[in-house]
Amino acid sequence: MTAAITGTLVRDLLLCERRADLDVNGDASRRDEVSDFVRMLWDQGCVHEDAIVEALPGTVVDLRDLPAGVRFGATLAAMDDRPDWIVGGRLEAGDRVGVPDLLRLDEAGWSVGDVKSGQAFDPAGRPNREYAVQVGHYGALLGELGLGDPDRAFVVGRDGRPVWY
């Protein structure tokens, strides 16, 4: 079985080819346990994401509690209903999968976004590369599926404001 190409895998490939290779081909039983510090960071990220989602204006459809196997269909059905936001949607095309935190509908159509606890821009003022490759992957899927503009994506960073890439 071939592993799905996900936004996280693409990001990991950017950061460290070896890590991406081990994630796909390595022996999972040889992995270190997740540290308490990493768990704390994950928990803080979830609290930040929940705060962003709670503050979204307009109509919101939240699919985060649905199993992965039904989420793509639920995402398409939600898009047909045209809410302002879809949280935890899923996009699939061939061997590629994307799970953007946010799908946004505006006058330009659907766009993808992710909620991050870091800064949307690096110290030089450029888009954070890790975030950009993830939302770029989601945008490419959205475009390939004919559901939105593949060149529009955003990140909601630590300050809670969406930044368009």
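Reader: How many of the residues of this chain count as buried?

Author: Burial is judged from relative accessible area, and a residue counts as buried when that value is under 20%. In this structure, which is a predicted model, 36% of the 165 residues of the chain count as buried. The accessible surface of the chain comes to about 9,700 Å², and 52% of that area belongs to carbon and sulfur atoms.

Reader: What radius of gyration does the chain have, and why does it agree with a compact globule?

Author: The general idea is to set the value of the chain beside the one that a rule for globules gives for its number of residues. Because a compact globule of 165 residues would have a radius of gyration near 15 Å, the 16 Å of this chain agrees with that expectation. Along its principal axes, the C-alpha trace spans about 45 × 40 × 30 Å.

Reader: What volume does the largest pocket have, and which elements supply its lining?

Author: A pocket is read through its volume and through the residues that line it, which are those with an atom within 4 Å of one of its points. Here the largest pocket has a volume of about 920 Å³, and of the 27 residues that line this pocket, Arg11, Trp42, Gly45, Val115 and Lys116 are the closest to its centre. At least two lining residues come from each of α1 (7-15), α3 (36-54), β6 (109-115) and α5 (129-144), and α3 gives the most, with 8 residues. Sorted by class, the lining of the largest pocket has 10 nonpolar, 8 polar and 9 charged residues.

Reader: Which residues line the second largest pocket, and how do they divide by class?

Author: The second largest pocket has a volume of about 360 Å³, and its lining includes Arg19, Leu22, Asp23, Arg30, Arg31, Val38 and Trp42. The elements that give two or more residues to this lining are α2 (17-25) and α3, with α2 giving the most, 3 residues. By class, the lining of the second largest pocket divides into 5 nonpolar, 1 polar and 6 charged residues.

Notes: Residues numbered from 1 in each chain as written. Predicted model: local features only at pLDDT ≥ 70, side-chain atom pairs only at ≥ 80, totals over all residues. Heavy atoms only, no water. 1 Å grid on protein atoms, 1.4 Å probe; cavity = no way out; pocket = protein on both sides within 12 Å on 5 of 7 lines; lining within 4 Å. Points joined across faces, edges and corners; volume = space filled by probe spheres on them. Helix = DSSP H or I, 4+ residues; strand = E, 2+ residues; numbered from the N terminus. Nonpolar A, V, L, I, M, F, W, Y, C, P; charged D, E, K, R; others polar. Rg over C-alpha atoms; globule rule 2.2 N^0.38 Å. Buried < 20%, exposed > 50% of the residue type's maximum accessible area, 1.4 Å probe, protein only. Areas by Shrake-Rupley, 256 points an atom, 1.4 Å probe, with all protein chains shown as cover.
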